[in-house]
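Subject: Structure for your review

Dear colleague,

Please find below the structure I promised to hand over, together with a short account of what was found in it.

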Amino acid sequence: MDYNKLAEIAIKSKQRALPTYSHFHVGAALLTGEGKVYRGANIENSSYSLTICAERTAVFNAVLEGEKNFKAIAVAGDSPGFTPPCGACRQVLLELCGPELDVVLVDMEKNIKIYKLKELIPHSFSKENLK
Ligand code: THU
């Protein structure tokens with residue numbers, strides 16, 4: 001799938017966000033190697049630390065459906081400029097999607113900027129460190 005199309009799905013996914021406290025909507029669209037797309041959006045909680053980001057709702061949705069092979073994730077925020085994944089999401093994406101995942105950042109004008117996940121989380125901790 002074209003990354004501009006994936007970006008559109010991430011923008012649309014913002015409609016499902018529940019940003020009750022921050023009022024900051026984030027949408028994500030995770031593309032599998034087989035071309036299927038899983039959506040995500042941030043869901044907040046009055047116990048603030050229980051909030052979950054858009055990227056993690058997308059990847060957990062996909063993993064629950066048995067997906068293991070991922071190509072890209074698009075992330076769209078609610079402010080001018082790009083919304084890069086937070087540190088916690090980078091760590092989770094690295095473990096579940098791998099370092100070669102394309103991270104497609106989307107701004108409000110639908111411009112995109114593409115990184116490899118390994119660029120966003122270099123020198124990372126992983127299960128290899130547990131051995
Ligand atoms: N948020 C995401 O969904 N993804 C990110 O990568 C950055 C932050 C959400 C969490 C919270 O609901 C709101 O944005 C403000 O931090």
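The notes below treat the ligand site and then one threonine.

This is a predicted model, in which local features need pLDDT of at least 70 and side-chain atom pairs count only at pLDDT 80 or more, while totals for chains, interfaces and linings use all residues. Residues are numbered from 1 along each chain as its sequence is written, and side-chain values use heavy atoms, with hydrogens and water left out.

The residues around the ligand (one heavy atom within 4 Å) include Ser22, Phe24, Val26, Asn42 and Pro84. This shell divides into 7 nonpolar, 3 polar and 2 charged residues; Ala, Val, Leu, Ile, Met, Phe, Trp, Tyr, Cys and Pro count as nonpolar, Asp, Glu, Lys and Arg as charged, and the others, Gly among them, as polar.

Oxygen atoms of the ligand lie 2.4 Å from a polar side-chain atom of Glu44, 2.6 Å from a side-chain N or O atom of Glu55, and 2.9 Å from a polar backbone atom of Ala54. Taken alone, the ligand exposes 370 Å², of which the protein buries 78% (Shrake-Rupley method, 1.4 Å probe).

Thr57 belongs to helix H2, residues 54-64 (a DSSP run of H or I, at least four residues, numbered from the N terminus). Thr57 counts as buried because its relative accessibility is 12%, the limit being under 20% (1.4 Å probe, protein chains only). A polar atom of the Thr57 side chain lies 3.0 Å from the backbone nitrogen of Ala41.

Yours sincerely

Methods. Helices (H or I, at least four residues) and strands (E, at least two) are DSSP runs, numbered from the N terminus. Buried means under 20% relative accessible area, exposed over 50%, partly exposed in between (1.4 Å probe, protein chains only). A polar contact is a pair of N or O atoms within 3.5 Å; within protein, one must be able to donate a hydrogen and the other to accept it, and residues adjacent in sequence count only if both atoms are side-chain atoms.
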